Amino acid sequence: MFDLPVLTKRQRKRATKFRNDLLDLGFEMAQYSVYMKFCGGRPAADALARRVEYQMPLEGHVSILIFTDKQYGRMRVFSGGTREARRAERDQLVLL
């Protein structure tokens with residue numbers, strides 16, 4: 001999650017670059033300033049967090065939340081006052 005300043009042209013350019021960097025790292029947009037990515041385990045999540053930290057602009061705030069598949073599956077999503085259907089569970093990927 002992030003909150004980056006976008007008052008000047010330079011700040012908007014940096015914010016756009018950060019969003020594009022997240023997409024290049026394989027993140028998907030959940031909301032405008034909330035991006036998410038599945039990781040196969042805590043070491044992979046920690047490594048990814050370091051890469052995000054390297055990409056982030058000097059101004060603004062970036063928060064990284066790491067939670068398990070089970071915690072993600074227990075998330076409740078509401079839209080327009082009604083609960084949305086649960087998203088399909090993600091397959092865990094293993095590269096050989």
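Q: How many cavities of 30 Å³ or more does the structure hold?
A: The structure, which is a predicted model, holds one cavity of 30 Å³ or more; a cavity is a set of points on a 1 Å grid over the protein atoms alone where a 1.4 Å probe fits but cannot get out.

Q: And what volume does the largest cavity have?
A: Its volume is about 40 Å³, a volume being the space filled by probe spheres set on the points.

Q: Which residues line the largest cavity?
A: The lining is made up of Leu4, Pro5, Gln11, Arg14, Ala15, Pro57 and Glu59, where lining residues have an atom within 4 Å of a point.

Q: Switching to helix H1, which of its residues are buried?
A: Buried, meaning under 20% relative accessible area with a 1.4 Å probe and protein chains only, are Gln11, Ala15, Phe18, Arg19, Asp21 and Leu22. Seen down the axis of H1, these residues fall within an arc of 160 degrees, so they line one face of the helix, the arc being that of the directions from the helix axis to the C-beta atoms.

Q: What about the other side of H1, which residues are exposed there?
A: Lys9, Arg10, Lys13 and Asp24 are exposed on that side, exposed meaning over 50% relative accessible area.

Q: What follows H1?
A: Gly26 follows H1, and its phi is positive, near 95 degrees.

Q: How should I read the numbering and the values?
A: Residues are numbered from 1 along each chain as its sequence is written, and side-chain values use heavy atoms, with hydrogens and water left out. Local features need pLDDT of at least 70 and side-chain atom pairs count only at pLDDT 80 or more, whereas totals for chains, interfaces and linings use all residues.

Terms used. On a 1 Å grid over the protein atoms alone, a cavity is a set of points where a 1.4 Å probe fits but cannot get out, and a pocket is an open set with protein on both sides within 12 Å along at least five of seven lines; lining residues have an atom within 4 Å of a point. Helices (H or I, at least four residues) and strands (E, at least two) are DSSP runs, numbered from the N terminus.
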